[in-house]
Structure formats: structure tokens, C-alpha cells
Amino acid sequence: MRFITFFVFYQWLNVLTYSGFENEDRISMLKQRTLKRVVKASGIGLHSGQKVMINFLPHVADGGIVFRRIDLNPPVDIPADAMLIQEAFMCSNLVSKETKVGTIEHVTSAIAGLGIDNLIIEVSASEIPIMDGSAGPFIYLLMQGELVEQDAPKKFIRILKPVEALIDDKRAIFSPHDGFQINFTIDFDHPAFAKEYQSATIDFSTETFVYEVSGARTFGFMKDLDYLKANNLALGASLDNAVGLDDTGVVNEEGLRFADEFVRHKILDAVGDLYLLGHQIIAKFDGYKSGHALNNQLLRNVKSDPSSYEIVTFDDEKLCPIHFVNVT
């Protein structure tokens, strides 16, 4: 589904300012944020192939990010909690008791990118719609709802010592850092994956996320499609919502949005996965061939060691090492 053209959501950034970039003499606490109004949309589930309604609702301070299955009677709420991730093959799935909401990583990535702390996400199926395969349409939708500050301090998780998760040669590592830096490397032996475009680094802010990360689409190999569909996966996949690869290169007529779109999408996924720790993160993240399961294991390792992190707030927003879009 072509929900919006790729660059439409970029236009919103042109009328916004960033915390810490103006009013230098003003001392103001960095506050939590939610939406001012409800936003509604629909799309197709990547794996289910079903049409899905999705609604974004304001939520109370300290309410966190909550997914709500409104197709069930009564509706079931599932908090965006790393400890509820199950079935992390191909996507991140939250499961509470017997209720699931899957493919959440693109929408949680957009939420993290805009610095939203509290939100209710109503969904009419067990999967978030894929939209165009990136976080861009979700950025656009959330901006339609208008960000508002709440009368509560914004909380961060500051990593105090290295924490790692390893599976074979794959690794995901947090290290102390004054900001949120993401370093990611993929390793694909395929003509479409030039070696110089398999690593990327970003210093996270709303601006860098929107311009450099949010538009990067998910990707997959055409040779795997029949197998996936036989296992009830990728039933909604198309070249409108993913970058397709055959044996020689990219199948999509329009080509890539970035020369390194593949690794940028892995960064997008990581931002969404890591936000399930519960708050914005102050740390350096290094990922090598990491995926949803390993990202989640890293969060579980942090949770299991309370000495590895602390919760911090900023009475003066200019002291925060991460810059978010200014909603005042």
C-alpha cells in the first residue's frame, strides 16, 4: 500500500524546532510527551496479509506505551515491555498470556524517534500494519496527532557499565556514552550489499532519526518468499512495502532510497526494539549481525542486572545529551 509518498513526512520537520537550539537562557525541565488528539489509519499486515485498523490515542503521564487489541471482547492491553517479547523471528512480537500483537518494531521506532513517552495504540488484529515497510508513515501519522508535553519529568535509562548479548558470531552491546549512539554492521554475501554500505553509525536525535533512518524499508529475498508464505509468514509482502532482492540485485523499479538502506533499516529496527526497555536510552549500542531476538536478549540482560543502569531525569532540558523535537 502506498500510504504516502516517501518525502511527505519530511515536510513536517521544516516547521519544528529542537530542544536546546533556542531560548538558551530559559531553564526548563525536560517533560514527558504524548499526543494531543486521536489519529486513525489502516494498512496491511506484513505477515498476516489482513487489513488492520490502527489508532493512536493520548495516554496519561507515566502510562508508557500500551498496545490495545480492540478486535477482542473485551479489549486486551499489552504494555510495550521487553519481558513480553516472544517469537522474535522476522519481527518483534509482544505476548501477554494468550494475546499477541506482532511486527511492532517500526511503530515503536517512530515513537522513540519523536520522543513520545505515553501512548495507547489500538489495533484491530494481531499485527501492526506494515505501511511502506519503514517508520516514515508512522512519523507522519504521529505528527498529525500533535505532540504535547505532560506535567511529569521525562525519564531515561542511563547505562553505567558494558552489557552484552552474544549468539554465535552475532553480538549486541551497550556501553556507557553521553548520548545515544548506534553503530550497526550487517554481513551479507550478495551483489546488492556493497561492503562499504554494510556499516553505519548515527548519533540519535529526532532530526537524525527522521532524515537518516525513518525512511529505510524492510527487505527480503525473493527466493525465500514461497517458504515464508507456506509457513503463514509474509502473506502481505509486496514491493510496495519492502525492498525485494533476487539473485543479482534489487527488484524494485525505484531502487533504493539510500545507498546503505539495508543497514539503516537494521538501525531502525534496533531503535524500536531497544525502546521496549521502557524509556529513552543513554548509551552506545553496537550491533553486529544482530536481530530482534538478540536485541531483546540484550534488554533482558540489562534488566537482570540492576547495577548496570540508572533512571535519570533532567531539570534543565539543555543538559540532556539527546535532542528531541520541541513541542512548546
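What percentage of the 328 residues in the protein chain is buried? Buried residues make up 54% of the chain, where buried means under 20% relative accessible area, exposed means over 50%, and partly exposed covers what lies in between, with a 1.4 Å probe and protein chains only. The model is a predicted one, in which local features need pLDDT of at least 70 and side-chain atom pairs count only at pLDDT 80 or more, while totals for chains, interfaces and linings use all residues. Residues are numbered from 1 along each chain as its sequence is written, and side-chain values use heavy atoms, with hydrogens and water left out.

The protein chain holds seven helices and 21 strands; these are DSSP runs numbered from the N terminus, with H or I over at least four residues for helices and E over at least two for strands. The chain has a radius of gyration of 19 Å, close to the 20 Å that the globule rule gives for 328 residues, so it is as compact as a globular protein of that length. That radius is taken over C-alpha atoms, and the globule rule is 2.2 Å times the number of residues to the power 0.38. Taken along the principal axes, the C-alpha atoms fill a box of roughly 55 × 45 × 40 Å.

Contacts, meaning heavy atoms within 4.5 Å, show how the sequence is brought together: among those between residues at least 6 apart in sequence, 77% join residues at least 24 apart.

One part to follow in the structure is an open sheet of three strands, in the order 7-8-9, with antiparallel pairing. Its edge strands are strand 7 (85-86) and strand 9 (99-102), each of which pairs on one side only; two strands count as paired if DSSP finds at least two bridges between them. Strand 7 pairs with strand 8 (residues 93-96) over two bridges in the antiparallel sense, and Gln86 stands opposite Asn93 in strand 8.

Asp62 lies in the loop between strand 4 (51-58) and strand 5, and has a positive phi of about 65° although it is not a glycine. Pro74 is in the loop between strand 5 (65-69) and strand 6 (76-79), and the peptide bond that leads from Asn73 to Pro74 is cis, with omega near 0°.

Further along, Ser124 sits in the loop between strand 10 (119-123) and helix 3 (136-144), and counts as partly exposed because its relative accessibility is 23%. Leaving aside residues up to four places away in sequence, Ser124 touches Lys51, Val52, Met53, Ile70 and Asp71. Ser124 and Arg68 are 56 residues apart in sequence, whereas their C-alpha atoms are 8.5 Å apart in space.

Ala234, in the loop between helix 5 (225-230) and strand 18, is buried because its relative accessible area is 5%, and its phi is near 60°, a positive value in a residue other than glycine. Asp260 lies in the loop between strand 18 (243-245) and helix 6 (261-274), and counts as buried because its relative accessibility is 12%. Asp260 touches Tyr197 and Ala200, not counting residues up to four places away in sequence.
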